Amino acid sequence: MTLPETSQMVAGRSKGARARGRAAIVARFLVVIVTTYLGLLAVTFFIGRVIPIDPVLAVLGDRAPAHVVERVREEMGLNLPLYQQFFRYLGDALQGNFGTSVLTTNPVMTDIRRVLPATVELATLGTLIGSLIGVPLGVLAAVKRGSLIDQAVRIVGLIGYSVPIFWLALLSLLLFYAQLRWVAFPGRIDVVYEYTFTPRTGLFLLDSLWQGQWDVFRDVFRHIILPASLLGYVSLAYISRMTRNFMLNELSQEYIVAARAKGLSETRIIWFHALRNAAVPLVTVIALSYASLLEGSVLTETVFAWPGIGLYITNSLQNADMNAVLGGTIVIGSIFIAINILSDILYRTLDPRTRAR
Amino acid sequence: MHTFGTTMRRLTAGAAIALIMTAAAPAYAATPADTLVQAWAIDDIISMDPGEAFELSTAEITANTYSLLVRLDLADTSKVKGDLAESWTVSDDGLTYTFKLKPGMTFASGNPITAEDVAWSIERVIKMDKSPAFILTQFGLNGENVTEKAKAVDPTTFSFTVDKAYAPSFVLNCLTATVGSVVDKKLVLEHVAPVTVSAESKYDNDFGNAWLKTNFAGSGPFKLREWRANEVVVLERNDTYFGEKPKLARVIYRHLKESSGQRLALENGDVDIARNIEPNDLDAISGNADLKLDSAPKGTVYFISQNQKNPNLAKPEVIEAFKYLVDYDAIGSTLIKGVGEVHQTFLPKGVLGELDAKPYKLDVAKAKELLAKAGLPDGFTVTMDVRSIQPITGIAESFQQTAAQAGIKIDIIPGDGKQTLTKFRARTHDIYIGQWGQDYFDPNSNAETFTINYDNSDEGKNKTLAWRNAWDVPKALTEEAKAALTEKDSEKRAAMYRDIQQKFLETSPFTMIYQQTEVAGVRKDVQNFKLGPSFDTTFLGGVTKE
């Protein structure tokens, strides 16, 4: 979802017209958001009803007597016609009431506040690793195009997006945990620290640093480093590839030739001139890759028993816990929309051509 | 180009240092000596309220955190022994049970345990009417009469009145179920939530159900410190426990679903006990000098269930033929090796009245003969709903092959557990491989679900397994199962159940396959860990680590 391109239209018009133009942008934007959300609600609702699982089963288990099953079915409104159920669901959702998760017995929003930081922490670290290594690798591959290094980067990238991540995850667990014991057992934190450490923000690395608990920090680090590196590797594969393309494009431009003629150092040309221009589309690439990690990398979270939002929604879906699925989907949808807007804004800041005068 | 290379070298060096830092961190892989860490798939938990909890993992957790009037006697599981109760008597008419409580006991909160707490615990179960409430309502208790039927005579005397002169073993066995747990009345009353009285809810409060779902009000050897769904359950020693105090300070259940992951954690010493070990990981554990295995037969039986709505499956000869088409030997020696034992009757081993009969074995010729008699010499085609989980899929494939030899073509419809179960419960399956765990440790639990079906219409109120299979159970069999309930002589009662199972074996559209064996991988330093015959009899109070 990209904001409408309006700079040319707006330029050179009267103040009133410009204001009206802005209002139109905002209105269009709102319409997009509202329809996106409505679509999200409708899709999750109907998926929830189409799934051939009796939602009462998730609430009660298999052994509940028939009269209890009937009572709960009525309480959940499952005896109502489908359209009435949908309106009920819509009404609750509009009031910000996503109900209670039947799996955890907590309000869905409480659960999400707990699981989201776990995913944010993992995705942020993953993206950091991916871009801090991916961008230089991409630059290197572009600068030494056709060289052995370029081929190596290409192979690394190919493996990154063609090998299934759960397989890589299992193999790396076998190697780094079971054999070498460099990293800790799946999970976020060791049971030893479970009761001496009280997280504030839910981002354990920051929390433990903030509280000066170095042993906790090290333990958390030993837990997060492997899954974060794997996610980082996958985004690295994509980011380095894109960086290489963007850089190749920039390096063939005339201003590079001009800069060289001026006698600028190669480092300056590559890192300050070419990369500066390649950075504009690169921001969108990194933002999108970050957003996709935030969605919750279900497979990685499963293998590493990472209590994040991907695992939460998957568990809920398998148990027909539709309140939790809806809440989670809306939150992820919002994050996606927010990151898109953010990368649009960044894009405008970085590229003066897209800015309205 | 030169300077660019320098930058890259610096970057690589930085990355290398980061890697070395990770590697240099010391390998920590032993759980604390006073803490027992178990890996277990605990995603079945939906509530920690003993008046509502009805799952396998909660059975074990509440057994270690709550006290009951009486408990199963592990030395002889056809008997019970006192827990809170010091002694009990049954009135001559067989209707009133009077329990005398042990003196001077307190809850973890410090409140004294009185007969008043026992009475209120039962009252709230009946009035809340959650899934397991039927275990107590079957004695004629309801919202109106419960305060009269279950009452405190004095602070240490509790009386319980039933509506018929049942076999005392039946009544006492039911009281050993989780639903009979005694909760701290004073503490729970501080946390009740108001409810608007309406057609659906007759009472003005929730009896503390919302609070107790995630909190604790018991008096067992351990207290529940925390439950985080799909993550962890933490128990701590209850220092006010009236019995022998546990040696461990803490028990942690970590949610881990996969057998392979559990095995890895066990081998590396990150967990002390792994509870969901599958056959292919068993050999590795038994071959490891640091590990040992513990196993116990459990009250869960597995069966092939033939829906009687399907006219072919309803033919008596076809019902019988199915029992000859299962390759019991192959299944027993490979697919369920270590996790189950071939079992052809509906009462699991260890329960009063068990019948150790295995009259059937794979006999395709015999099955063909029976099919021919049924007018189906060329067999027929039929579907089978199969959960995508081992050993169920393996058994399904084995049965598919052997049935094909007799001309029965089975189309397997794979599905998720809840999905296939939804079909079975709606009676829209043809064949389903099901499992059933006892609701409480008494023969009536399985006898009722397998042999009672009063109304075989789709609207039937008692949705027992017999109903789900649309099996119109012969009257005589149902009558006998009912009669066994009021047989006071335990020996005679056991004989009746053996007779019922013999008849069931021959005529029922259930082909019983095996009884589950629970198996756990245990680290060598863990002592006195013993899986119980049921999930609510795996006690952790005596466990130590050295």
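**Ground rules.** I call two strands paired if DSSP finds at least two bridges between them. Helices (H or I, at least four residues) and strands (E, at least two) are DSSP runs, numbered from the N terminus. This is a predicted model: local features need pLDDT of at least 70, side-chain atom pairs count only at pLDDT 80 or more, and totals for chains, interfaces and linings use all residues. Residues are numbered from 1 along each chain as its sequence is written, and chains are lettered from A and ligands numbered from 1 in the order in which they are written.

**Entry 1: strand S1 of chain B.** I began with the partners of S1(B). Two bridges join S1(B) to strand S11 (residues 273-274) of chain B, and the two run parallel. Within that pairing, B:Gln38 has B:Ile273 as its bridge partner. With strand S10 (residues 250-255) of chain B, S1(B) also pairs in the parallel sense, over six bridges. There I found B:Ala39 opposite B:Arg254. Is S1(B) mostly covered or mostly open? It is mostly covered, with five of its six residues buried. I count a residue as buried if 20 or more other C-beta atoms lie within 10 Å of its own, exposed if 12 or fewer, and partly exposed in between, with C-beta atoms placed from the backbone.

**Entry 2: where the chains meet.** For contacts I used this rule: two residues touch if their C-beta atoms, placed from the backbone, lie within 7 Å. The contact takes 43 residues from chain A and 48 residues from chain B. On the side of chain B that touches chain A, helix H1 (2-24), strand S1 (35-40), helix H9 (259-267) and helix H15 (417-425) each supply at least two residues. H1(B) gives the largest share of that side, eight residues. By type, that side of chain B divides into 20 nonpolar, 14 polar and 14 charged residues. In this count Ala, Val, Leu, Ile, Met, Phe, Trp, Tyr, Cys and Pro are nonpolar, Asp, Glu, Lys and Arg are charged, and the others, Gly among them, are polar.

**Entry 3: a four-stranded sheet in chain B.** Next I traced an open sheet of four strands, in the order S4-S5-S7-S6 of chain B, with antiparallel pairing. Its edge strands are S4 (85-90) and S6 (150-154) of chain B, each pairing on one side only. On average, neighbouring strands here are turned by 25° against each other, direction ignored. Axes are lines fitted to C-alpha atoms, for helices over the stretch in contact, and angles run from 0 to 180 degrees between N-to-C directions. Helix H3 (residues 115-128) of chain B packs on this sheet and touches S5, S6 and S7 of chain B, and its direction makes about 170° with that of S6(B). Five bridges join S5 (residues 96-101) and S7 (residues 157-161) of chain B. B:Thr96 stands opposite B:Thr161 in S7(B).

**Entry 4: a covered helix.** Helix H2 (residues 56-65) of chain B is mostly covered, with nine of its 10 residues buried. Among the buried ones are B:Leu56, B:Glu60 and B:Asn64. What covers them? Strands S8 (222-228) and S9 (232-237) of chain B are included in the cover.

**Entry 5: B:Phe303.** I found B:Phe303 in strand S12 (residues 291-306) of chain B. B:Phe303 is buried because 23 other C-beta atoms lie within 10 Å. Leaving out residues up to four places away in sequence, B:Phe303 touches B:Gly434, B:Phe510, B:Thr511, B:Met512 and B:Ile513.

Entry 6: Most residues other than glycine have a negative phi, and most peptide bonds are trans. I noted these exceptions.

- The peptide bond from B:Gln390 to B:Pro391 is cis, with omega near 0°, and B:Pro391 sits in the loop between strand S14 (381-387) and helix H14 (392-405) of chain B.
- A:Ala305 has a positive phi of about 45° and lies in the loop between helices H13 (298-303) and H14 (309-318) of chain A. A:Ala305 is buried, with 23 other C-beta atoms within 10 Å.
- B:Arg427 has a positive phi near 60° and lies in the loop between H15 and strand S16 (431-437) of chain B. B:Arg427 counts as partly exposed, with 18 C-beta neighbours inside 10 Å.
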